[in-house]
Amino acid sequence: MGVPEKLAARMSMAEQHEYLRARFSRRTMIRGGAVTLGAVAGGAFVPGAVAQAATKTSVPTQTAARTESVDGALVAPFGRHLAWGSDPRTEITVSWQVPVAVKKPFVRIGAHPWDLSHKIDAEVRTLFTPAGVGASGNHTQYYVHAKLTHLRPGRTYYYGVGHAGFDPAEAHLLGTLGTFTTAPAHKEPFTFTAFGDEGVSYHGLANNSLLLGQNPAFHLHAGDIAYADPAGAGQTADAGFDSRVWDQFLAQTESVAKSVPWMPAYGNHDMEAWYSPNGYGGEDARWNLPDNGPDKKNLPGVYSFVYGNTAVISLDANDISFEIPANLGISGGTQTKWLEAQLKKYRASKDVDFVVVFFHHCAYCTSTAHASEGGVRQEWVPLFEKYTVDLVINGHNHQYERTDVIKAGKVTKKPPIGGTAYPETDGVVYVTAGAAGRSLYAFSAPVSYEGHENEVESVASFINTKEGKVNETVAWSRVRYLDYSFLRVDVTPTSRGRLATLRVRGIAETGEEVDHFTVARRVR
């Protein structure tokens, strides 16, 4: 019993949040026996402005989070996932879940598996979802985070997560240890991977196994992460939302995320109205991302980091989406101002060769489902071109598509499969990599990919604008592949005056290469 679909379509995310809270308060008045929301380790995780009013909000007795704990020796952590801090050379957060409340959670870390002498206390964020908000009964989730700082660049560390009664340093638990490697102090070759729209499925699991084989330094998830909210309209749909899906998702991705920092941007399916006015209260509990964005309260998925010679910027396109407007304008323009400041800073830095931007809604895509987002073209594309962004990665449309080089809405160069783009003079290349695991969409034009080229002069598509869908005929769709896949990017730095490169490859779930091209930039 969430927000009725017809009503939710007319409401912002904040309005839906207030509707749900008020609805449960009314039930309390009818049934009696009210309790108040509790604090971490015994109640609901209520971030932001909602937390200030927590002690005044009545909810039914059956919506109280579980507070009991069990013998810690009987509880094993799961769903480990890593995330960079603002500086990947020295900061990383280790996160995980436990199925029930535990005491004194911690991380052990060391240079060797037999030397885990450093012990760091961890923070528990308890997230409670009452029966009636979605598909499940009362469900309490315990997310645990430990931020590690003052690490050494380019160093591999061993770590183990535990709590009272479960110590990973004990001999019989050494099999639970994980590793991570911090970013190097200087420019070195490295690989990263990316995709969007994974969810929980066999295909997501298969893509994860291939990701691990690429030995990436980090992974970018371009939104629509777990699909606990299957509606994706920025609402908690009747009988649809199921918070337990997150438990499955984090268990599914643990094989990669326990050793490879998993860096998400937030998509439309990641807004969950029950937890907070901005829809991201649940995400705040599950992730601990860099806190260097413009508005941590409203836009927790907006941040940046530099790895080697490459700056990476994560944006929240829900803020500028005309297609799905639940959070339209939530930043009041601060995100776009911050983006320009970041781009200006990175382009002025002699240590940064490449700038990669990733977010959910597509700037340029010919899918028959969502196609292109006018808000992105209006707000951000001019900045991408002004500051010659090297690569833009999107999800949202469940397929693989790569554009020609675009500037001012026009094709400036048509790099074939195996071709090279020069952003400083040519323009920007956009890649939709949204085929990580959810059901696939369709193209209006024939597929065309490596070994199966089928070039067409134009493709019929549309763009989502403030006034609605507007049809357009485009000439920039270069590669179209319709099966499960992900993106691999190999970064090769070089010396001053020579060309540094990003070698970008689309890789299918089968391991087959479906596209490859190079982005080159002369090092100053």
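Biologist: Which residue of β23 does Glu401 stand opposite?

Modeller: In this predicted model, strand β19 spans residues 400–403, and three bridges join β19 to strand β23 (residues 430–433) in the antiparallel sense. Within that pairing, the residue of β23 opposite Glu401 is Thr432.

Biologist: Are the residues on the two faces of β19 buried or exposed?

Modeller: Tyr400 and Arg402 lie on one side of β19, with Glu401 and Thr403 on the other. Both faces are covered. For Thr403, the relative accessible area is 1%, against a cut-off of under 20%. The four residues are all buried.

Biologist: Which residues does Thr403 touch, not counting residues up to four places away in sequence?

Modeller: Thr403 lies in strand β19 and is buried, with a relative accessible area of 1%. Its contacts in this count are Tyr364, Val428, Val429, Tyr430, Trp476 and Arg478.

Biologist: Which residue of β10 is the bridge partner of Thr156?

Modeller: Strand β9 comprises residues 156–162 and pairs with β10 over four bridges. The sense of this pairing is antiparallel. The bridge partner of Thr156 in β10 is Thr181.

Biologist: How many residues of β7 are buried?

Modeller: Strand β7 runs over residues 123–129 and is mostly covered. Seven bridges join β7 to the antiparallel strand β8 (residues 139–148), and Val124 has Val144 of β8 as its bridge partner. Of the seven residues in β7, the number buried is six.

Biologist: Is Asn215, with its positive phi, buried or exposed?

Modeller: Asn215 has phi near 55 degrees, a positive value in a residue other than glycine. Asn215 lies in the loop between α4 (202–213) and β12 (218–222). Its relative accessible area is 63%, and the cut-off is over 50%, so Asn215 is exposed.

Biologist: Is Thr388 buried or exposed?

Modeller: Thr388 also has a positive phi, about 45 degrees, although it is not a glycine. The loop that holds Thr388 lies between α9 (381–386) and β18 (391–394). Because its relative accessible area is 16% and the cut-off is under 20%, Thr388 is buried.

Biologist: For contacts between residues at least 6 apart in sequence, what percentage join residues at least 24 apart?

Modeller: The secondary structure of the protein chain comes to nine helices and 29 strands. Buried residues make up 60% of its 524 residues. Among the contacts in question, the share joining residues at least 24 apart is 73%.

Key. Residues numbered from 1 in each chain as written. Predicted model: local features only at pLDDT ≥ 70, side-chain atom pairs only at ≥ 80, totals over all residues. Heavy atoms only, no water. Buried < 20%, exposed > 50% of the residue type's maximum accessible area, 1.4 Å probe, protein only. Contact = heavy atoms within 4.5 Å. Pairing = 2+ DSSP bridges.
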